[in-house]
Amino acid sequence: MFKKTIPLIMVVTLGFLFVGFVFIPHKIAQDFYYVWFVDWIRAMSPFGLILGIMSITLAHTTRIRRKTPNWQYSILALVGLYFTAASGFIWGTQEGTPYMWIFKNIQVPMSATMFSLLAFYIASAAYKAFRARSAEATVLLITALIVMLGQVPIGISIFGEGIATLTQWILDVPNLASKRGIALGVGLGSVAVSLRILLGIERTYLGGGE
Amino acid sequence: MDKNNNIFQKIQQLDRRYIYIILAVAIILPLIFPYNSKTYTTKPAENIYRMIDSFAPVFPEGATEEEKDAIAMAHDKAVMLAFWHDASTMSELFPMELSIIRHCFERRIKFFTFTIFATSAPIIDMAINEVKKSDPEKYGNKKSGEDYVNFGYKVSSLLLPIIFGMGEDISDAMDIDAEGRKVSSLPIMTNIKNYNDMNLVIDFSASSAGTYWIYYARPRFGVNVAVGVTAVMAADTYPQLQTGQFIGMLAGMKGAAEYEKLVDVFASTQREFSSEILRNEAEPIISGDTNLPYPFRQARIGMNAQSIAHILIIVFILIGNVGFFVQKHLQKNDN
Amino acid sequence: MYEIFSNWVAAFFTLCVFSFLYKDNPFYKFAEYLFVGVTAGYAIPLTYNMAFIPYVYQPIVLQHRWELLVPAAMGFLYVFTLSRKWNWLSRYPIAFGMGSVGMSVPLAMHAGVLVQMRGAMIPIQDINTFLVFIGTITILLYFYFSKAHTGLYGKVVRVGIWFMMVGFGASFGYTVMARISLLIGRIQFLIADVLGIIK
């Protein structure tokens with residue numbers, strides 16, 4: 001009862017109240033959302049973070065306790081976590097504080113650089129893996145080459161404005177058809193899943209167990 | 001196996017680290033030795049520019065600075081810039097944000113910023129400060145709460161309440177700004193109530209996050225939505241561009257370069273948008289007679305490096321495929 | 001001086017991450033773990049200031065809106081996700097948030113499906129609108145798995161595959177551009193901000 005039925009009733013009831021909010025302009029339907037729901041969801045909002053912090057702390061303390069390979073680095077992760085948080089509480093979170101310094105000079109460069117590694121991998125893959133093995137793959141590669149040339153100034157300098165026009169045509173016509181076909185499939189799929197949740201048929205989000 | 005086969009095999013088995021070095025050099029050189037190149041603007045970028053520009057207050061001829069201040073403050077149009085990305089995609093999205101902020105400052109258009117990612121919150125400050133710092137004489141006096149306001153970080157579970165709430169009352173939905181001030185008490189909110197006044201939202205993200213606005217805000221409140229996306233997401237955005245759900249799009253560093261150009265050519269010289277001028281006027285980004293600070297031409301100089309890197313990648317693809325086909329042909333002959 | 005020092009610290013971490021291109025090494029690991037910790041730690045004070053204080057502490061403690069203790073307590077139940085025995089308690093906050101599907105059914109149907117269908121049904125005036133129409137229909141038929149892709153039907157859905165390949169090619173071309181841009185950004189930082197080579 002408390003484990004599954006009540007949460008399920010909550011989803012279905014709230015779900016239909018939300019349907020009402022969308023379709024019924026009456027004050028009661030609107031107040032449900034603007035007056036009641038907003039305050040409640042706001043009061044719930046900070047607590048999801050506790051789960052994230054506990055989860056990271058548990059994962060790393062377990063690694064340290066069990067002395068798994070490279071466990072020493074887990075100490076670093078925990079120091080990073082708690083020192084950054086403490087610096088925000090002690091010195092504040094405004095511009096010019098140690099908290100902001102850590103973020104700008106440690107988090108930002110690392111985050112940006114980690115993703116920039118992908119440029120090297122895509123160059124290596126271009127050399128070693130992108131092969132015109134079939135007619136379909138050839139179409140894909142040729143389209144990609146045209147788009148790559150049409151986006152950069154040098155492509156237009158070499159091949160003239162025609163390459164930019166051709167790129168724009170590819171994006172506006174065959175690409176549009178392709179992405180719309182896929183988007184309609186995804187759109188219908190997501191509506192179907194939402195509808196299954198709303199009607200209480202889909203329950204996997206409640207997790208396993210009783 | 002014959003000699004030819006060995007060469008092509010060797011080409012295919014080249015150590016990836018050599019490829020990395022070649023790519024790095026191809027990017028570093030054009031950045032150290034920048035050159036002028038022409039940026040071709042596209043309709044989706046021009047549409048964003050023109051809509052933002054249409055929000056600018058009109059000043060009577062001969063108005064004093066004080067009068068202009070009063071008119072700008074009372075103006076009932078504003079733009080929302082939603083920074084929904086972290087530092088990982090800053091290279092593509094940050095120059096767009098700088099250019100749009102610069103556009104708003106130049107044309108005295110009120111703008112708001114907010115994010116649902118904790119790690120984006122300082123990026124908003126960085127963008128605003130970078131623009132102010134780059135030209136202190138022009139933008140140094142822009143004030144938070146008067147010319148713009150940063151609503152800061154809002155927990156992501158509050159996204160829908162915020163999107164819907166702004167349809168009723170922005171001050172109420174946002175509640176407090178990044179500096180902890182009550183939004184309703186800020187002078188910038190004079191005559192700005194909801195989406196009727198803040199009629200353009202530009203969402204910067206590395207995902208399809210812009211669809212939140214067209215699912216939840218546009219059908220109900222009729223707000224105009226535009227996106228600044230990473231190039232990875234750009235091709236997927238065309239269905240929504242065609243239907244007009246997105247009024248415009250900036251795609252990756254190229255989109256940022258386009259907007260940089262538009263702001264340089266029109267907003268910074270207080271001229272109206274004109275395709276004619278765009279087509280015919282020269283666009284110096286590095287010559288001696290331009291004193292443009294680096295952040296305002298960062299994307300266009302970046303596009304020089306992008307040009308060389310694209311040619312390199314195309315050469316890589318061609319070499320790899322020639323090696324593949326020659327080897328395949330030789331193997332077929334051997335059999 | 002302060003700015004130069006800060007930039008060099010940022011450059012050090014940038015190079016730590018780049019060192020992974022040679023091979024996995026202690027510098028990279030150092031950066032990787034510190035990154036995870038700092039990123040998570042960063043969110044804590046911000047969430048406390050921007051959500052806990054205005055939406056929990058102020059209304060409950062200062063304004064005595066005691067009814068908000070219910071959602072606050074419900075939010076706290078998230079932590080039981082980590083418990084095997086009390087895991088079911090975390091279903092309450094999840095269920096509360098999940099209620100918004102009621103909103104997404106009509107609104108996603110409108111913006112994600114109906115508006116797109118309307119966009120696909122514009123009058124065929126030229127070759128481009130004809131191609132968009134054919135492409136959309138054949139791709140939708142390709143994703144209809146209840147009928148075997150053989151015979152005439154197979155040939156029709158094959159047209160859909162060609163359209164999709166052009167779409168994937170466009171995405172791929174754009175992806176190359178995106179990845180290169182990210183590297184350009186980092187190199188701009190190193191040579192402009194750190195080394196001061198470009199002004």
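Trainee: What makes residues of chain C and chain B count as being in contact, and how many are there?

Mentor: Two residues are in contact if their C-beta atoms, placed from the backbone, lie within 7 Å. In this predicted model, 41 residues of chain C meet that condition with 45 residues of chain B. Residues are numbered from 1 along each chain as its sequence is written, with chains lettered from A and ligands numbered from 1 in the order in which they are written.

Trainee: How is the side of chain C that touches chain B divided into nonpolar, polar and charged residues?

Mentor: Ala, Val, Leu, Ile, Met, Phe, Trp, Tyr, Cys and Pro count as nonpolar, Asp, Glu, Lys and Arg as charged, and the others, Gly among them, as polar. By that rule, this side has 26 nonpolar, 14 polar and one charged.

Trainee: How many residues do chain A and chain C give to their contact?

Mentor: Chain A gives 104 residues and chain C gives 97 residues. On the side of chain A, 71 are nonpolar, 27 polar and six charged.

Trainee: What makes a set of residues a nonpolar core, and how many residues has the largest one?

Mentor: The set must consist of buried Ala, Val, Leu, Ile, Met, Phe, Trp, Tyr and Cys residues joined through C-beta atoms within 7 Å. Buried means that 20 or more other C-beta atoms lie within 10 Å of the residue's own; 12 or fewer make it exposed, and values in between partly exposed. The largest such core has 222 residues, and A123(A), V79(B) and I202(B) have the most contacts inside it. Helix α7 (residues 151-194) of chain C gives the most to this core, with 18 residues.

Trainee: How confident is the predictor in chain C?

Mentor: Chain C averages a pLDDT of 92, and 99% of its residues score at least 70. For the complex, the predictor gives an ipTM of 0.90 and a pTM of 0.93.

How values were computed
This is a predicted model: local features need pLDDT of at least 70, side-chain atom pairs count only at pLDDT 80 or more; totals for chains, interfaces and linings use all residues. pLDDT is the predictor's confidence in each residue, from 0 to 100. Helices (H or I, at least four residues) and strands (E, at least two) are DSSP runs, numbered from the N terminus.
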